[in-house]
Structures are given as structure tokens and as C-alpha cells.
Amino acid sequence: MTWKYTGKTSAFKHLKFDGRTNCALDYGLDPSLFKRGAVCLYQQAVVMLASLNRYDQQQVMKEIYHITKNPKSASSVKHSRNPFTFLYRSRYPFRNYHYLIKYKQSTDGEVVIEDILYDYLLHGRNQSQRKGFIKPAWQRPMLYHVRNTKYRPYDSAKSEGEIDEFATHWVVDDDASHQVSTAHAAVNGMLNDFGKAAWLMGVHSQAAYPADKVQEYTLVHNPTDGVLLDLVECAFDKRLGRKSHNAQQLAAVLRQCQQQGKAVKWTVHSQGTIIFCAALEELIKRGCHSLNKQQVAIHGSGAKLERVKRTASKLGMHINNVRNNPFDLVPNLAGRVDTSASGLKRSMQFLGLTFGESAGASPHSLPYLGIETYRTQLQILGNTKHLSIVDNYIIKHTGTS
């Protein structure tokens with residue numbers, strides 16, 4: 001584990017924190033976080049807590065209350081020679097989600113929280129096959145600030161080389177973010193490792209909001225656990241009951257953006273649409289009434305469109321645009337866009353391309369810019385087999401050749 005400090009090492013006088021103290025000192029923390037009573041926090045711990053998104057704050061506060069009541073529990077780890085200083089590792093259900101709470105116990109038995117740290121090793125860029133580095137399935141969902149170094153949007157058909165260059169145009173900051181700090185944000189789909197998600201969702205954001213000429217965005221990364229577990233997670237979030245922790249975290253991020261008055265433009269792709277819809281449903285269940293400062297663009301929808309639209313409408317959220325390739329199995333089957341015999345047959349003919357290695361040939365990976373653009377894309381890549389199928393579709397649906 002690589003525990004990351006907030007950068008402050010000097011000791012501050014600790015404060016007895018409760019809802020009233022929080023309001024008086026104006027750290028921006030929700031008073032409801034302290035509904036279970038007052039806790040003693042050093043200033044550096046308060047600063048770290050305030051920097052987290054609302055969901056992370058809730059998880060950390062659960063641990064702090066547990067520590068306060070059980071300072072010498074078996075799962076606490078001695079941190080130094082001082083018998084009153086301990087470290088307690090987060091018991092959050094995800095194996096790839098780790099916070100560490102540094103605390104001490106005074107001579108009168110009072111527990112004081114000194115600092116809150118997160119495991120930097122679980123940052124997505126540490127993904128590697130080398131020994132000591134983590135697999136994608138072990139990453140925790142994090143927020144990342146992603147910047148564009150060369151504005152070349154996917155606005156027309158491209159060669160394979162030009163598509164490969166997109167991956168070099170997007171750079172991720174070294175530190176993970178805890179809140180959305182940009183005008184644009186995105187949630188990636190299934191089977192996207194960290195590197196692919198960063199550049200692919202940048203491309204999708206630019207296509208979704210071309211007038212904005214997107215140069216930066218916040219990636220709410222949905223780590224992949226492999227095909228089987230990703231599908232299980234999708235099915236779990238489509239239920240009407242309890243949602244995945246990914247969706248619960250996103251719900252907290254959406255609500256926090258609204259409370260802070262941030263007008264965020266979201267782009268969601270594939271499974272990202274399922275997680276986004278689940279997050280909206282979670283917010284409604286929790287009594288949230290409005291997300292009217294935010295909007296969303298839906299690409300390659302893995303969720304049923306009518307369900308997403310209905311849920312977004314209840315919260316006053318504007319759906320900016322919807323882009324689904326008619327040959328894409330994901331929106332046709334999972335999103336229920338076209339479950340007719342012809343629609344499913346058409347999608348099955350492109351199944352190999354949908355989950356293939358070529359992002360350009362896939363009807364699912366890159367943003368859908370229209371059937372003519374997709375036809376040209378296949379032509380540039382020399383895919384004559386599927387090109388004839390697209391030609392027949394164009395003739396049938398437009399009457400032109």
C-alpha cells in the first residue's frame with residue numbers, strides 16, 4: 001500500500017466537530033455527516049475530509065465513528081511506539097477502495113483523528129503487468145482530471161493511425177481528484193482500462209459538445225473487472241433495488257455538483273449510461289428533487305433510453321444528445337433501442353467488430369457521427385465485407401446509394 005498524505009505535516013490543535021461547529025467554521029462539510037455525534041479532528045484531517053466527494057466523506061465518517069467507539073479493536077494496527085497511536089484501515093466493501101485513518105488516544109481516553117489518507121497505489125496509472133503493480137480489477141473507482149494537449153476531435157472518418165494518435169492527446173494529472181472541478185465530466189463503459197477510458201471519453205466529450213471545444217474534463221472512472229463481473233454489475237444496477245457502489249458514489253458526486261452550483265455537462269458511454277441512470281434513481285430515492293444545473297449526452301447506451309429519459313426528466317436534467325449506431329448490439333439489445341428480428345440480426349453481423357480490437361471499425365467504441373461517416377470509416381479501413389451491409393442498410397432506410 002502507498003498511503004498519500006494531504007501535504008500537511010505540522011500538528012494543528014484539534015477541534016470537537018459536530019454539525020453546529022461545522023456550520024460555524026464553514027469548511028463546506030454537510031452537517032448531516034456528524035449526525036451520530038461530535039468527533040475530535042485535527043485541522044489537516046478536516047481539510048482532507050472536505051476535499052472528498054460526498055460519498056467518500058460518508059464512508060470515511062462511518063470509519064471514524066467506529067474508531068471513536070472501538071479505538072483498540074482487533075483490526076486496528078499499531079503505527080508507532082506510542083501505545084495510544086493507531087492506524088485503522090477502511091472496511092469499505094470494495095477490495096480496491098482504501099482509506100487510512102490516522103488517530104491517537106489521549107490519556108483521558110479521547111480519540112483524536114489526526115489525518116485521512118488514501119492508497120495512491122490504486123491510482124489507475126499504476127496499472128501494469130510488472131510485479132508490485134495492480135491489475136485493473138483491483139483499482140478503486142476514482143475521479144481524474146484529464147487534459148487535451150492537441151485539439152483534434154473525432155469529427156469525421158479517420159485512418160487507423162489517426163485514431164491511435166488520440167491516445168497520445170489526453171494526459172491525466174498525477175493525483176486523483178476528489179470532486180468535479182471542470183465544466184465537463186464523463187463516465188466510461190465496461191472493459192475500459194484506465195488508459196483507454198481517459199482518451200476515449202475525451203473523444204466522446206468533444207463529439208458530444210463540439211461547440212465547447214473540450215480541452216479538459218473529469219473522468220469518473222469505472223474500472224473493469226472483466227467481462228463476466230462487468231455484466232453482473234450492469235444487471236445489478238438495472239434492478240430497482242439497491243445500486244452498486246459505483247452508482248452510489250456517482251449519485252453523491254452529482255448531488256454535490258448541484259449543491260455547489262456547478263453547471264456540469266456529462267457524457268456517458270455504454271455501461272456508463274447504466275451507472276448514470278442508477279445514480280439518478282438513487283438520488284430520487286434519497287429525496288433529491290433537482291439536477292437542473294447539469295446535462296448529459298448518451299452514447300452507445302447500455303441502459304433503456306426511455307428509463308434514462310424518464311428519470312432525468314424527474315430531476316430536471318436536460319439530455320443533450322443521444323448517439324447510437326444502428327449496428328451496435330449494446331444499445332439495440334441492452335438499451336432496448338431495436339430488439340426487432342432485423343435489428344438484432346443486423347447487430348449480430350457486427351458483433352465481431354463491436355468487441356474487436358479496432359476502435360475505428362467498431363460501431364460501439366468511437367462516437368457515432370451518422371451512418372455515412374461510419375460507412376466512410378469502414379471504407380478507409382478497407383473493411384469491404386461489412387461495407388456492403390452498411391450500403392444495403394442506407395439504401396433500405398434512405399432510398400439512396
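A pocket here is an open set of points on a 1 Å grid over the protein atoms alone, where a 1.4 Å probe fits and protein lies on both sides within 12 Å along at least five of seven lines. Its volume is the space filled by probe spheres set on the points, which are joined across faces, edges and corners.

You are looking at a predicted model, in which totals for linings use all residues. Residues are numbered from 1 along each chain as its sequence is written.

**Stop one: the largest pocket**

Helices are DSSP runs of H or I with at least four residues, numbered from the N terminus. Which helix gives the largest share? That is α10, with four residues.

Now colour by residue type: the lining has 13 nonpolar, eleven polar and three charged residues. Asp, Glu, Lys and Arg count as charged; Ala, Val, Leu, Ile, Met, Phe, Trp, Tyr, Cys and Pro as nonpolar; the others, Gly among them, as polar.

**Stop two: the second largest pocket**

Move on to a pocket of about 350 Å³. Select L33, K35, Q58, Q59 and K62, the closest to its centre of 16 lining residues. Then show α3 (54–69) and α7 (245–259), which each give two or more residues to the lining; α3 gives the most, with seven. By type, this lining divides into five nonpolar, five polar and six charged residues.

Conventions. This is a predicted model: local features need pLDDT of at least 70, side-chain atom pairs count only at pLDDT 80 or more; totals for chains, interfaces and linings use all residues. Side-chain values use heavy atoms; hydrogens and water are left out. On a 1 Å grid over the protein atoms alone, a cavity is a set of points where a 1.4 Å probe fits but cannot get out, and a pocket is an open set with protein on both sides within 12 Å along at least five of seven lines; lining residues have an atom within 4 Å of a point.
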